[in-house]
Each structure stands twice: as C-alpha cells, then as structure tokens.
Amino acid sequence: MANFPSISPTYNTQKKVEASKRVIRFADGYEQRITFGVPEHQSPRVYNLTFNVNTTDANTIMNFLDARDLDNASFTFTPPNGTQGQYVCDNYREEMVLSNRSTIRTTFRQVFEPA
C-alpha cells in the first residue's frame with residue numbers, strides 16, 4: 001500500500017457520507033432499512049479536496065495519482081479533521097494557474113480493505 005504524499009489540501013474541503021443501505025418502502029408508508037455486510041463499512045466518506053501547490057508538488061501529486069490509476073490500488077490518507085484510512089481517487093484534474101502554480105481538484109472515496 002502506498003501513502004499519499006505529505007502535501008496538505010487547502011481548506012475548501014467538502015466531506016460527504018454515502019450510506020449504503022437497502023430501503024424497502026411499502027404502500028402504507030412503512031419502510032424497512034437493511035444493512036448488508038459489516039455495519040462499520042456502510043458509510044464511506046467521500047472528500048472533495050483542492051490542492052493549491054507549486055509545480056513540484058503538483059507533479060508529485062499527479063504522478064502518485066497516475067500510478068494508482070495504473071495499479072488500481074488504494075492508498076493511505078489522513079483527511080483534514082479526520083482519521084487515517086484507505087482511499088481511492090475516483091477523479092482528479094489539474095489547472096495550471098500560473099507558470100509555477102497549479103490547482104489540483106480530487107475526489108477521494110474511502111474503501112474498506114486491509115492496509
């Protein structure tokens with residue numbers, strides 16, 4: 001497992017929790033919620049992160065994410081105000097704002113696999 005480079009995102013971070021439950025709704029308004037699998041793994045966190053960095057750090061981040069794209073592996077990451085976990089990056093893009101500055105926008109999704 002790889003560790004995400006020790007480059008901190010800027011504070012424009014969004015965190016979303018996507019609960020994985022099955023819901024059955026009946027005609028009388030009654031509904032039943034069912035959890036499949038380990039309950040602690042049913043609400044993965046999704047982080048939208050922005051990195052405003054210099055060109056060297058931008059290259060480090062993009063090379064790391066490109067490598068994870070090729071090997072389909074998760075990586076260890078500690079989000080702002082969060083706890084360390086395993087994540088995958090579903091999408092990422094780089095905007096070159098100045099000759100030596102870039103803005104990288106990413107979406108990290110928590111996965112539950114052994115480290």
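Me: What should I know about the origin of the model, and what are the elements of the protein?

Reply: This is a predicted model. The protein has one helix and eight strands, and from the N terminus on these run β-β-β-β-β-α-β-β-β.

Me: What makes the protein more spread out than a compact globule?

Reply: The globule rule gives 13 Å for 115 residues, whereas the radius of gyration of the protein is 17 Å. The value is well over that of the rule, and therefore the protein is called more spread out than a compact globule. Along its principal axes, the C-alpha trace spans about 60 × 30 × 25 Å.

Me: Why are β1 and β2 said to stand at the edges of the sheet?

Reply: Six strands form an open sheet in the order β1-β6-β7-β8-β5-β2, with mixed pairing. β1 (2-3) and β2 (14-17) each have a single partner strand, so one side of each is left without a neighbour in the sheet.

Me: Why is threonine 76 called buried?

Reply: A residue is buried if its relative accessible area is under 20%. Threonine 76 has a relative accessibility of 12%, and therefore it counts as buried. Threonine 76 lies in strand β6. Apart from neighbours within four places in sequence, threonine 76 is in contact with Ala2, Asn3, Phe4, Gln84, Gly85 and Gln86.

Me: Is glutamine 110 buried or exposed, and what does it touch?

Reply: Its relative accessible area is 17%, so glutamine 110 is buried by the cut-off of under 20%. Glutamine 110 is placed in strand β8. Not counting residues up to four places away in sequence, it touches Ser43, Pro44, Arg45, Gln86 and Tyr87. Of the 115 residues of the protein, 34% count as buried.

Me: What makes up the largest nonpolar core?

Reply: This core has 19 residues, and those with the most contacts inside it are Phe4, Phe51, Leu65, Phe75 and Phe108. β5, α1, β6, β7 and β8 each supply at least two of its residues, while the largest share, five residues, comes from α1. In soluble globular proteins, nonpolar side chains tend to be buried together.

Me: Which residues are in contact with phenylalanine 4?

Reply: Leaving aside neighbours within four places in sequence, phenylalanine 4 is in contact with Phe51, Ile61, Phe64, Leu65, Phe75, Thr76, Phe77 and Phe108.

Me: Where does helix α1 lie?

Reply: Helix α1 (residues 55-71) lies across β1, β5 (45-54), β6, β7 and β8 (101-111), and runs at about 145° to β5.

How values were computed:
Residues are numbered from 1 along each chain as its sequence is written. This is a predicted model: local features need pLDDT of at least 70, side-chain atom pairs count only at pLDDT 80 or more; totals for chains, interfaces and linings use all residues. Side-chain values use heavy atoms; hydrogens and water are left out. Two strands pair if DSSP finds at least two bridges between them. Helices (H or I, at least four residues) and strands (E, at least two) are DSSP runs, numbered from the N terminus. Contact means heavy atoms within 4.5 Å. Axes are lines fitted to C-alpha atoms, for helices over the stretch in contact, and angles run from 0 to 180 degrees between N-to-C directions. Buried means under 20% relative accessible area, exposed over 50%, partly exposed in between (1.4 Å probe, protein chains only). A nonpolar core is a set of buried Ala, Val, Leu, Ile, Met, Phe, Trp, Tyr and Cys residues joined through side-chain atoms within 4.5 Å. The radius of gyration is taken over C-alpha atoms; the globule rule is 2.2 Å times the number of residues to the power 0.38.
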